[in-house]
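Please walk through this fold with me.

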Amino acid sequence: MNNILVTGANGLLALELREKLQLHPEFNVYYASKEDCDITNMSNIHSYVKDKKIDIILNCAANRNAEQMESDYNASKLITVEGPKNLAIIANELGATLVHFSSDYVFDGKKSTPYTEDDKTNGLSVYGKLKVEGENAVLKIANTVIVIRTAWIFSSYGQDFVKTIRRLAETRDEIKVIYDQVGSPSYAGDLAEYIIQMLPKIKKGTKEIYHLTNEGVCSWYDLAFYIVQLFKLSCKVIPIHTAEFPQKAQRPHYSVLDKSKVIRDFGLNIRHYSEGLWECIKKILENEKCQ
Ligand SMILES: NC(=O)c1ccc[n+]([C@@H]2O[C@H](COP(=O)([O-])OP(=O)(O)OC[C@H]3O[C@@H](n4cnc5c(N)ncnc54)[C@H](OP(=O)(O)O)[C@@H]3O)[C@@H](O)[C@H]2O)c1
């Protein structure tokens with residue numbers, strides 16, 4: 001069980017996985033970008049995996065732009081449902097394990113206590129609804145599959161909330177950020193670490209959903225406030241209601257995920273998002289110094 005395929009190799013999570021997996025010589029990893037291996041194109045996947053003897057597929061390929069997805073249903077369905085279905089079929093052909101990623105946006109946010117894997121899904125947006133369909137498809141098709149629902153990913157790589165807030169805070173005296181959407185942020189570097197710990201423990205024939213984020217709960221406003229502080233910027237962060245920042249895709253007001261199951265089954269020791277945030281920002285600043 002040593003050959004891994006990481007799809008969507010240039011994304012927030014995949015790039016952190018690449019960094020962490022370098023420290024694990026027991027894994028031989030193939031990183032496939034959209035150009036190398038388009039998951040919506042079956043013959044493309046077949047020719048990429050040919051002769052590679054893939055044991056595990058980590059499907060990081062996705063479109064996470066919920067706004068864009070509201071106005072492009074067909075393309076959104078292709079990447080969010082059909083692509084994962086293709087990978088489930090390929091995983092079976094190869095006898096491989098499929099690890100597929102989903103989102104807290106599969107829930108409608110009407111609860112006020114953390115969502116468990118058994119809670120009823122009810123995505124509010126095209127992204128949320130299609131993520132549910134994608135989950136159901138891979139769980140039905142793949143012989144060995146785990147679906148990891150995560151949330152609010154930030155990363156030292158790529159474009160994310162951390163870099164957006166930093167950019168805005170560097171150029172404005174004040175920024176307004178939503179405070180009535182509450183969730184658990186996830187540092188992609190930590191997610192990568194936890195996923196690597198999970199891989200050797202996934203048993204053949206498993207078909208499970210797991211919730212995995214960092215510990216801690218906050219609003220986007222709180223997260224932005226921390227980011228501005230950690231970058232030592234003087235910009236004022238002002239809390240606003242969702243209604244004051246109209247968006248096409250409806251987001252859940254509350255989407256904290258209960259991680260008891262993943263902690264129990266894999267013995268993970270999950271740290272608070274603020275520790276991940278601090279590490280992420282240090283890495284961003286150090287990388288800039290090296291440039
Ligand atoms: N980011 C979050 O806050 C968040 C929250 C909850 C769940 N998730 C889920 O976590 C997973 C990883 O997310 P992420 O934030 O790392 O995503 P990401 O940064 O958007 O990366 C996704 C990657 O997939 C690639 N891709 C797009 N279409 C593809 C195709 N047809 N075939 C192969 N690759 C394709 C993209 O390439 P291009 O950029 O060239 O299109 C991109 O490099 C996703 O399933 C996402 O839905 C993310």
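Helices (H or I, at least four residues) and strands (E, at least two) are DSSP runs, numbered from the N terminus. Asn 2 is found in the segment before β1. The model is predicted, so local features need pLDDT of at least 70 and side-chain atom pairs count only at pLDDT 80 or more, while totals for chains, interfaces and linings use all residues. Residues are numbered from 1 along each chain as its sequence is written, and side-chain values use heavy atoms, with hydrogens and water left out.

Stay with Asn 2. Its relative accessibility is 39%, so Asn 2 counts as partly exposed. The scale calls a residue buried under 20% relative accessible area, exposed over 50%, and partly exposed in between (1.4 Å probe, protein chains only). Leaving aside neighbours within four places in sequence, Asn 2 is in contact with Glu 26, Phe 27, Asn 28 and Asp 55. Contact means heavy atoms within 4.5 Å. Ile 165 lies 163 residues from Asn 2 in sequence and 39 Å away in space, C-alpha to C-alpha.

Now the sheet. Strands of a sheet pair through backbone hydrogen bonds, either parallel or antiparallel. Here, two strands pair if DSSP finds at least two bridges between them. The sheet is open, has six strands in the order β2-β1-β3-β4-β5-β10, and its pairing is parallel. β2 (28-32) and β10 are the edge strands; each has a single partner strand, so one side of each lacks a neighbour in the sheet. From one strand to the next the twist averages 20°. Angles run from 0 to 180 degrees between N-to-C directions, and axes are lines fitted to C-alpha atoms, for helices over the stretch in contact.

Five bridges join β1 (residues 3-7) to β2. Val 6 has Tyr 31 in β2 as its bridge partner.

Move on to β5 (residues 145-150). Is this strand enclosed or open? Six of its six residues are buried, so β5 is largely enclosed by the rest of the structure. Val 145, Val 147 and Arg 149 are buried on one side; Ile 146, Ile 148 and Thr 150 are buried on the other. Six bridges join β5 to β4 (residues 97-103). Ser 103 stands opposite Thr 150. Five bridges join β5 to β10 (residues 207-211), where Glu 208 stands opposite Ile 146.

Finally, the helices. α5 lies across β4, β5 and β10, running at about 160° to β4. α7 (residues 188-198) packs on the sheet and touches β3 (56-59), β4 and β5.
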